Amino acid sequence: MSESKGVLQGFKEFLMRGNVIELAVAVVVGAAFTNIVNAVVKGIINPIVGALGSQNLDHYQSCLTATCAKDPKTGAFTDGIYILWGSVLSAALTFLITAAVVYFLMILPINKWKERQVARQAVEAAPADPTEIELLIEIRDALIAQRTGSPYVPSPTSGTIGTQKTHE
């Protein structure tokens, strides 16, 4: 019983790790994002390419052999060896658009945010400048040391009014 409890606890810890949850979120967002990219390709890129030729990039092809034939009714290739470079171009454009949108809309803003967080932490971690009171206490102690002729050594306990009176 305890072994199964340990396995279930380990599985729960595995699922609750940040990177597993982030990966799951990335997959879901990526699946939803695919629809946006496909819409951009279908609504913007294909019409631009269509101004130069066919709107469907899959129709762009080249024949490697001298005899190339296509069935006019079905559009299937009946003879010859075809290279379907239009579908490769379409997939490459989809990939580039996806990569660009992910970079500019997700990665770049997150990196800027992380840089600001690191800069903020560096400022918070830096030692604070001495306050006016601390500077005045240090000046007072230096003047007392000069007046008594002893060397000035700042101490962490110096700086209260009571210690000033005991020095005098």
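In this predicted model, Asp141 forms a salt bridge with Arg140, and the closest N and O atoms of the two side chains are 2.9 Å apart. The count of salt bridges comes to one. Side chains of opposite charge can pair when their charged atoms come close. Both partners are buried: Asp141 has a relative accessible area of 8%, and Arg140 has one of 13%. Each value lies below the cut-off for a buried residue, which is under 20%.

Arg140 and Asp141 also belong to the buried residues of helix H4, together with Ile144 and Ala145. Seen down the axis of H4, the buried residues fall within an arc of 135 degrees, so they line one face of the helix. An α-helix has 3.6 residues a turn, so residues three or four places apart point the same way. The face of H4 that is turned away from the buried side carries the exposed residues Glu132, Leu136, Gln146 and Arg147.

Just after H4, Gly149 takes a positive phi of about 85 degrees.

The structure holds one aromatic pair. This pair is formed by Tyr103 and Phe104, whose rings lie 5.0 Å from centre to centre with 80 degrees between the planes. The arrangement is edge-to-face, because an angle over 60 degrees is counted in that class. With a relative accessible area of 38%, Tyr103 is partly exposed. Phe104 has a relative accessibility of 52% and therefore counts as exposed, since the cut-off for an exposed residue is over 50%.

The protein averages a pLDDT of 77, and 85% of the residues score at least 70. Confidence is highest in H4, at 88, and lowest in helix H5 (residues 161-167), at a mean of 44. Over residues 157-168, pLDDT stays under 50. For this stretch the model has 15 contacts beyond four places in sequence. Where pLDDT is low, the predicted coordinates should not be read in detail.

Technical notes
Residues are numbered from 1 along each chain as its sequence is written. Side-chain values use heavy atoms; hydrogens and water are left out. Buried means under 20% relative accessible area, exposed over 50%, partly exposed in between (1.4 Å probe, protein chains only). Helices (H or I, at least four residues) and strands (E, at least two) are DSSP runs, numbered from the N terminus. The arc is that of the directions from the helix axis to the C-beta atoms. Rings of Phe, Tyr and Trp (its six-membered ring) pair if their centres lie within 6.5 Å; planes under 30 degrees apart count as stacked, over 60 as edge-to-face and the rest as tilted. A salt bridge is a side-chain nitrogen of Lys or Arg within 4 Å of a carboxyl oxygen of Asp or Glu. pLDDT is the predictor's confidence in each residue, from 0 to 100. Contact means heavy atoms within 4.5 Å.
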